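Here are my notes on this one, in the order I'd look at things. Have a look at the model and then read on.

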Amino acid sequence: MTRRSPDSKRANSDEVDLKRVRTVPVTRRPNKVRAEEFAKPPGADRSFHAFIDSLPDILVARDFRQVVDAIVAAARTTRAVVVMLGGHIVKTGLAPLLGSLLQRGVITHVAMNGSAAIHDFEIARFGGTSEDVAAGLKDGTFGMADETGREMNEAFSEGSNRGIGMGAALQARLAASTLVHPELSVMLQAASSKVPVTVHAAIGAEIIHQHPAADGSAIGDTSHRDFRRLAHSLDALDNGGVVLNLGSAVIMPEVFLKALTIARNLNGGRPQNFVTCDLDMLRHYRPRMNVVQRPTLHSGKGYEITGHHELMVPLLVWAVLDRLDRHGE
């Protein structure tokens, strides 16, 4: 029997012959990355806009710039910039940054879940928020702060009697109260800028619902009115608006999707052609589907930016304001 030598150049029948492979010139190959898109090291200009300009024009850094561009364009053309908030945004100290966008007329509507409203109320009223859940849960005192639950629920009852929404009711209550840090309240800063605030409750999910003063009918009435107010505000997204979902994984994405379908139902399929962005620490199903993908399926563009709120929100706000200032807005 004849054995094939180990150095035989003839390919086995069960091996491909690489000599037959077709190649293409590298100059004809499409590339996803070009040299001019690389990051730039710090130079003599150490300004914030130089930092933003130094970022690589690749992946999420490119997305970040495009979201900034969309917000700036919306502000210049007076299109809606709707900002939806989860509680973590407020309790990580970002209210002053959102306030700067409110003062500049960039944000046109603030929609927050119940958690964000509670943290915002407590910071303004008492100067502190975010209790130790584990410690309070052990003896049943978690969420049982009397003043928070009593005052907020009283505001809802008063708001229901007056025919106003939950956000407006809380703004009125804060305005009539002795406050420790009114300047740190998103709700009050929005009131000063005449920007609507809506609060979207999830009954049973918020500490104020376990308070003896809780009135389900008042909670439902004022929050449902705010749902209708949000749907009305979405009309102005058409052709260039922006929706930012900051830190709400469930409530605001669900509320937004329903409010959007109402707006389109009543306005011949509009609004269309707007930008959405979900900015959160983790990726979640509902923000991806209900904020980023479904609303922009036929027009517009959706983005996902993942990062810690206390880092990413300042970067976003500074970048927007820097762009506005550099162009004399």
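1. Lys194 sits in the loop that links helix H9 (186-192) to strand S3 (197-200); helices (H or I, at least four residues) and strands (E, at least two) are DSSP runs, numbered from the N terminus. Its phi is positive, about 55°, though Lys194 is not a glycine. Lys194 is exposed, at 75% relative accessible area (exposed is over 50%, buried under 20%, partly exposed in between; 1.4 Å probe, protein chains only).

2. Keep in mind that this is a predicted model: local features need pLDDT of at least 70, side-chain atom pairs count only at pLDDT 80 or more, and totals for chains, interfaces and linings use all residues. Residues are numbered from 1 along each chain as its sequence is written, and side-chain values use heavy atoms, with hydrogens and water left out.

3. Leu59, in helix H2, also has a positive phi, about 50°, without being a glycine. Leu59 is exposed, with a relative accessible area of 66%. Just after H2, Thr78 has a positive phi of about 55°. For context, most residues other than glycine have a negative phi, and most peptide bonds are trans.

4. On that last point, check the bond between Arg270 and Pro271: it is cis, with omega about 15°. Pro271 is in the loop between helix H11 (251-266) and S5.

5. Asp120, in helix H5 (residues 114-126), has a side chain that reaches the backbone nitrogen of Met187 at 3.3 Å. Beyond its neighbours within four places in sequence, Asp120 is in contact (heavy atoms within 4.5 Å) with Val90, Leu184, Ser185, Val186 and Met187.

Key. Polar contact = N/O pair within 3.5 Å; in protein donor to acceptor, adjacent residues only side chain to side chain.
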